[in-house]
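Thanks for coming. I'll take one model today and go through two positions in it, then the totals.

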Amino acid sequence: MRPLNLGVTLGITIRSSEGNLVKGNMIDGYLYGIYLVASPSDSLDNTIDSNDITGRYSSSASPYYGIYAGGSVSAAAQNNAISNNKIQDVQTGIEMSSGRNNVVTGNEIQSGYYGLRLTSESSENTITNNLF
């Protein structure tokens, strides 16, 4: 299988959506491998599972994110499952900004600055059995 890379910033984008399954993809060289964002409304009940994400991170390069799940005070990425993903060569493996009630489990994150980063209004997330 060939990796997904069309020379753009976002590999896979899920914006203000619910009930999506993103599974078994190879994503290589994007600024954001998977971009799950709640704007202008919530992103709910999405599953991100068993993806292989490789960035092109170096300390002097632009930041790279394996998986970014974010929102705002009025819209949140919530009730999503992020599991069994292999993420490497990114600055931040998984970042949640305004993420609530998400489950992050069984992910393997290598070669970066942050393995998992929670920011802003993130709360009530479950983080278990990840390898950093």
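Start with Asn107, which counts as buried because its relative accessibility is 1%; buried means under 20% relative accessible area, exposed over 50%, partly exposed in between, with a 1.4 Å probe and protein chains only. This is a predicted model, where local features need pLDDT of at least 70 and side-chain atom pairs count only at pLDDT 80 or more, while totals for chains, interfaces and linings use all residues. Residues are numbered from 1 along each chain as its sequence is written, and side-chain values use heavy atoms, with hydrogens and water left out.

Asn107 sits in the loop between β14 (103-105) and β15 (108-110). Strands here are DSSP runs of E, at least two residues, and helices are runs of H or I, at least four, numbered from the N terminus.

What does the side chain of Asn107 reach at 3.0 Å? The backbone oxygen of Ile82. The backbone nitrogen of Asn84 is reached by that side chain at 3.4 Å. Leaving out residues up to four places away in sequence, Asn107 touches, among others, Ile82, Ser83, Asn84, Asn129 and Asn130; contact means heavy atoms within 4.5 Å.

Now the totals. The protein has 17 strands and 0 helices. Of its 132 residues, 42% are buried. Among contacts with a separation of 6 or more, 55% join residues 24 or more positions apart.

Terms used: Polar contact = N/O pair within 3.5 Å; in protein donor to acceptor, adjacent residues only side chain to side chain.
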